[in-house]
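Please look at the protein below and follow the text through its rings, its charges, its backbone and its surface.

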Amino acid sequence: MNRVRRRILRLVRRAARALRAEARAWVSRGPVIAGSVLYESFAGNGALCNPEAIFRELRSTPDVPITRHIWVLGDLKANRDFQKEFAGDSSVRFVRRGTVGYFRALATSQYLVNNATFPVEFAKRAGQTYVNTWHGTPLKLMGYDMLEGAAQSGNTLRNFLSADYLLSQNSFMTSKMYSEAYRLSGVFRGRIIETGYPRVDRQFVDDGQLDDIRAQLRGSGIDINGRTVVLYAPTWNGTSFWTPEDVTDELVSMTQELQKSLGDAYLVLLKTHQSVHDFAAAVGHISHFLVPNAIPSNSVLAIADILITDYSSIFFDYLATERPIVFYRPHDEAYSDERGTYFPAEELPGPVLTNVTGVLEHLTSSSETNKAAWLESRRSWRAKFAPHDDGSASARVVDVVFRGRVNAEQVQSLAPGTRTSVLIHLGGMRSNGITSSALNLLAHLDHEKYDVSVVFGQLLSRQQRANQTHIGGWIRQFHRVGGMNGSKLTHLVRRVAERFGDGNAHWRSPVQAKMWQEEWTRCFGDAQFDLVVDFSGYTAFWATLLLHSPAATRSIWLHNDMAAETRRVIRGKMRMRRSLPSVFALYRQFDAMVSVSAALRNINREYFATRYGAKPDSFVFATNVVNERRVMEGSRGDLISLEDHPRDPDTEEIIVPDWADQMSRSTELVWFCTVGRFSTEKNQARLLRAFAKVHPDYPESRLILVGYGPLRDELESLALALGLNNVAFIVGPYNNPFPIVAAADCFVLSSDYEGQPMVLLEAAIVGLPIVSVRFGSIEGALPINTIRVVEQTDDDLAAGMRAFLRGEVEASTLDAVAYNEAALEEFRGAVTHRASIDVG
C-alpha cells in the first residue's frame with residue numbers, strides 16, 4: 001500500500017510540475033511592456049539594497065517614462081510596511097516570487113533590476129534591459145576564487161552574462177570580482193557602471209532624515225534614546241559546520257555580552273545576514289536589538305557610530321562615514337580554510353579581534369594615537385574603495401541606464417580582446433576516453449591564443465565532479481543549471497522529431513527555433529564565441545543547442561566508427577541504435593565533422609556522405625592530445641598504496657590486493673595488462689580466452705584487466721570458468737592506473753573497434769611493447785608503428801602474446817612533444833574548417 005501511495009504522490013508531483021511549466025510557458029509569451037521595471041533583492045527577501053535605492057530615485061525623476069514598478073517579494077505578509085507606503089499608488093505593484101505572476105512579470109518587464117540572481121528558468125528576452133547591481137564589494141573570496149567555486153557559480157555566471165549593465169562600487173570590484181573571479185573578461189558584452197553604490201546614498205542624510213530612521217527603529221521596538229550606537233553586522237558563514245540555528249545563538253549571545261559590558265551609554269544592535277534573519281526573528285526576546293530585515297542596512301549605517309563585522313562587504317559601504325570599524329572573527333582559522341578572503345587581516349582598516357574581551361578593550365581603552373592611526377587607515381581605504389560613494393550614485397545609475405547618458409569615466413567594457421574565443425561541450429564528464437581526451441586537450445591549449453569556455457550538464461556523481469576538478473583554472477566553465485523552458489507539447493514535438501531523425505525541425509518550425517534560441521540565451525546569456533565545438537558528439541540535445549549559437553564556426557567530434565557505435569551492446573541492449581541517428585541527422589549542419597584519426601575520417605566519410613548526404617569536404621580529422629606529464633607522474637605512484645585500493649572499514653587502512661603484492665615483489669612473473677571500460681566493444685573476454693591458451697605454456701605469465709563497467713561480473717565469471725583464478729585479475733576502477741601499466745611488461749588491446757585508442761599512446765609513453773587486434777583505426781595509432789597487430793580471433797591474439805614472450809615484439813615509444821604539436825595544429829585546422837553546410 002505504501003508503494004502505491006508513493007507512486008501516486010510521484011505522479012501528482014510530476015503533474016504539478018508539468019502544470020507549472022505550462023503556466024510559465026503561457027505567461028512568458030506576452031509582449032514586453034514599455035515603461036515597466038521589475039525589482040528583486042536577495043531572492044525576494046525584501047525591498048532592499050541597490051534595487052530599492054534605484055526604485056526611489058526613479059520615482060523622484062518624472063522625466064523618465066516609467067509607468068509600472070513591480071516588486072518581487074518572497075513573503076507578502078512580511079513586507080507590510082513597504083506595501084502600505086505605496087498602497088495608494090497604482091504604478092507600484094507586488095508579486096510573490098515563484099508564482100505564475102512572477103514569471104509573467106519577469107518575462108514582460110522592460111527593465112529588470114536584481115542584486116543577486118534570477119532563478120534558473122530565467123532567459124532574457126529581446127527588448128529587455130537587465131541591470132545586475134550585485135550586493136557588495138567582496139572581502140571574502142568569490143566565484144572561481146572559492147574552493148569548488150566554478151561548480152557553485154553556474155547560475156551567477158549566466159545571470160551576469162545576461163546583464164546589459166553590472167554595477168560596481170569601485171575598480172577593485174570591477175577587476176577582481178567581475179573580470180577575474182567570474183571570468184567575465186573577454187566574454188561579457190554589456191557595460192560595467194563603476195560609479196559607486198546606490199544603496200550608500202541612504203547614508204548621506206540630513207537631521208530630519210536621521211530622525212525618520214530613529215522613528216522607524218523605534219516603531220519596531222528599538223529605542224536609541226541618545227545612546228552611542230554599535231552595529232554588529234556579521235556575514236553568513238555558510239559552511240558545512242555552521243547551521244543558521246547555531247549562528248543565531250552565537251550572534252545573540254555576542255550582542256548581549258557586548259551590551260552588558262558596555263553599559264547603558266551604548267546601544268548594541270544586531271543586523272543579521274539574509275540567510276539568518278528568519279531564525280533570529282523567531283527568537284522572541286531580542287526585538288529590542290534585532291534590526292528588522294525590512295529596514296535597509298544602509299539606513300542603520302547612517303545612525304551607527306561604530307561598526308563591528310567579520311567578513312561582510314558592509315564595511316566597504318561604511319567607509320563613506322569614516323567612522324570606526326572593528327573586525328570580530330572568532331572562527332578566523334576555520335573560515336580562512338573554508339572560504340578565504342582577498343585581504344590579509346593586517347591590511348584591514350580596523351583591528352581584527354578573535355574574542356569579545358578584545359573587542360571591549362578596543363572600544364573602551366584605545367589611545368588617541370591609536371584612534372588617529374585607524375582614522376588615517378579608513379580614509380586611505382575610502383579613497384580606494386569608496387571614491388564614488390557621495391550620495392548621488394543612484395542618480396548617476398539612472399542617468400546611464402534610463403536616460404542613456406553614458407560617461408566614459410563611469411562606464412567600462414570587458415569586451416573581447418584579441419584571443420580566439422572557443423566554447424567546447426565536454427560531454428558527461430564520466431571517466432572514459434572522451435573525458436580523458438578532452439582534459440588532455442584543455443591542458444595543452446595555449447590560453448594566450450584561446451579564450452576557452454567549456455560547458456556540461458549537472459555533475460551528480462563523485463566521479464564526474466572529480467574529473468571536473470582537472471579543468472584548468474583559466475578556463476571558464478558553464479555548468480548548465482535547470483531545464484529547458486517551453487510547453488510540454490513543444491517538447492513532445494521536439495522529441496518526436498529527434499526520434500524520427502528529422503534534423504531540420506529545430507530550424508524549420510518557428511516555435512522550435514524560438515525554444516532552442518531561448519535555451520541558448522538561458523544558458524549563455526549574451527555571450528558569443530568564434531568557435532563552437534561539440535567535443536562529445538553523442539547527444540542530439542547538445543548538438544542542436546550548439547547549432548543555435550550566435551554566428552560561429554561549429555564542429556562536432558566523431559570519436560569512433562559512429563555507425564558501428566549504433567550496434568554497441570550496453571547492458572544487453574543496443575541503447576544507441578535510436579539515439580545516435582538523431583545526432584547523425586544534424587551532421588551536415590556543422591562546418592566540420594572531426595574524426596580522431598585519418599583512418600576514422602575515411603570510414604565515417606564513406607558512411608555518412610552516402611547514407612546522410614553529408615558533404616565530403618566537411619570531414620576532417622584531429623588526433624587527440626596526450627598528457628605525457630600526467631602519465632609519467634602517475635606512473636611513479638606507489639603500486640602498494642594506490643588511493644583506490646580497497647580499505648578496511650574500521651581502520652580505513654589500505655588493504656593491499658594480492659595482484660599488487662605479486663606485481664611489486666616478484667621479478668620472475670611476466671604481466672600482460674589492458675586498461676578500458678568493461679563493455680562489449682572492448683571485448684576483454686577475447687583477451688581472457690587468448691590468455692587461457694597462453695598461460696599453460698608460460699606459467700610465469702599473468703594478466704590484469706583494469707577498468708570498470710557493466711560486464712565486470714561476466715568477465716570475473718569467465719576467468720573462473722577458464723581456470724584463471726589467481727593468474728588473471730579484473731580490477732578497478734583506478735583514477736590513476738599508470739603505476740599498474742608501468743609495472744606491466746606488455747600492453748594488450750582486444751577491442752572490436754576503437755576511435756583513437758589513447759591507451760596505446762599512454763602505453764608507448766611508458767615504453768611498453770604493445771599487442772593489438774586489428775580494427776579500423778589501428779593503422780597510424782602511433783607515429784612510429786611498433787605495434788604487433790593480429791587478427792580479431794582468440795588464436796591470433798594468443799599468437800601475438802606468445803610472440804612477445806619470445807622477445808619478438810619491441811617496446812613502443814612516443815615523442816609526446818612532437819606528437820602534441822602536430823595534434824594541436826590539427827585541432828586548429830579542424831575547428832576553423834568551414835565547408836558548405838546544409839541548414840535545411
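Ring pairs join Phe172, Phe315, Phe316, Phe327, Tyr342, Phe343, Trp381 and Phe385 into a cluster. Here rings of Phe, Tyr and Trp (its six-membered ring) pair if their centres lie within 6.5 Å; planes under 30 degrees apart count as stacked, over 60 as edge-to-face and the rest as tilted. The model is predicted, so to speak of local features pLDDT of at least 70 is needed, and side-chain atom pairs count only at pLDDT 80 or more, while totals for chains, interfaces and linings use all residues. Residues are numbered from 1 along each chain as its sequence is written, and side-chain values use heavy atoms, with hydrogens and water left out.

A pair of aromatic rings is described by the distance of the centres and the angle of the planes. How many aromatic pairs does a search of the whole structure find? The search gives 48. One of them is made by Phe524 and Phe529, an edge-to-face pair with 6.3 Å from centre to centre and 85 degrees between the planes. Both Phe524 and Phe529 are buried. Buried means under 20% relative accessible area, exposed means over 50%, and partly exposed lies in between (1.4 Å probe, protein chains only). Phe672 and Phe691 also form an edge-to-face pair, at 6.4 Å centre to centre and with 70 degrees between the planes. This pair links distant parts of the chain, with Phe672 in strand S21 (residues 670-675) and Phe691 in helix H28 (residues 684-694), 19 residues apart. Helices (H or I, at least four residues) and strands (E, at least two) are DSSP runs, numbered from the N terminus. Phe672 and Phe691 are both buried.

Arg24 lies over the face of Phe103, 5.4 Å from the ring centre. For a charge to sit over a ring, NZ of Lys or CZ of Arg must be within 6 Å of the ring centre and within 35 degrees of the ring normal. Arg499 lies in this way over the face of Phe500, at 5.6 Å from the ring centre.

Phe500 also belongs to a nonpolar patch on the surface, together with Leu489, Leu492, Val493 and Val496. The accessible area of these residues together is about 520 Å². Such areas come from the Shrake-Rupley method with a 1.4 Å probe, and for residues only the protein chains shown count as cover. Patches are made of residues with over 30% relative accessible area and no salt bridge; like charges are joined within 9 Å, and nonpolar side chains (Val, Leu, Ile, Met, Phe, Trp, Tyr) within 5 Å. Leu489 is found in helix H19 (residues 488-499). Why does Leu489 count as exposed? The reason is its relative accessibility of 59%.

Next come the charged side chains. Side chains of opposite charge can pair when their charged atoms come close. A salt bridge is a side-chain nitrogen of Lys or Arg within 4 Å of a carboxyl oxygen of Asp or Glu. In the whole structure, a search finds 38 salt bridges. Among them is the one between Arg480 and Glu519, with 2.9 Å from N to O. The pair links distant parts of the chain: Arg480 is in the loop between strand S16 (476-479) and H19, Glu519 is in helix H21 (residues 510-524), and they are 39 residues apart. Both Arg480 and Glu519 are buried.

Glu519 also forms a salt bridge with Arg522, whose closest N and O atoms are 2.9 Å apart. Arg522 and Glu519 are separated by about one helical turn because they are 3 residues apart in helix H21. Arg522 is buried, as is Glu519.

Lys371 and Glu368 form a salt bridge too, with the closest N and O atoms 3.7 Å apart. Both residues lie in helix H15 (residues 368-385), 3 residues apart, about one turn of the helix. Lys371 counts as partly exposed because its relative accessibility is 42%, whereas Glu368 is exposed, with a relative accessible area of 60%. Elsewhere, Glu52, Arg56, Glu85 and Arg202 are linked in a network of salt bridges.

The backbone comes last. Most residues other than glycine have a negative phi, and most peptide bonds are trans. Ala43 is not a glycine, but has a positive phi of about 55 degrees. Ala43 is placed in the loop between strand S1 (33-40) and helix H2 (49-59). Trp134, also not a glycine, has a positive phi of about 50 degrees. Is Trp134 buried or exposed? Trp134 counts as buried because its relative accessibility is 6%. A cis peptide bond, with omega about 5 degrees, joins Gly732 and Pro733.
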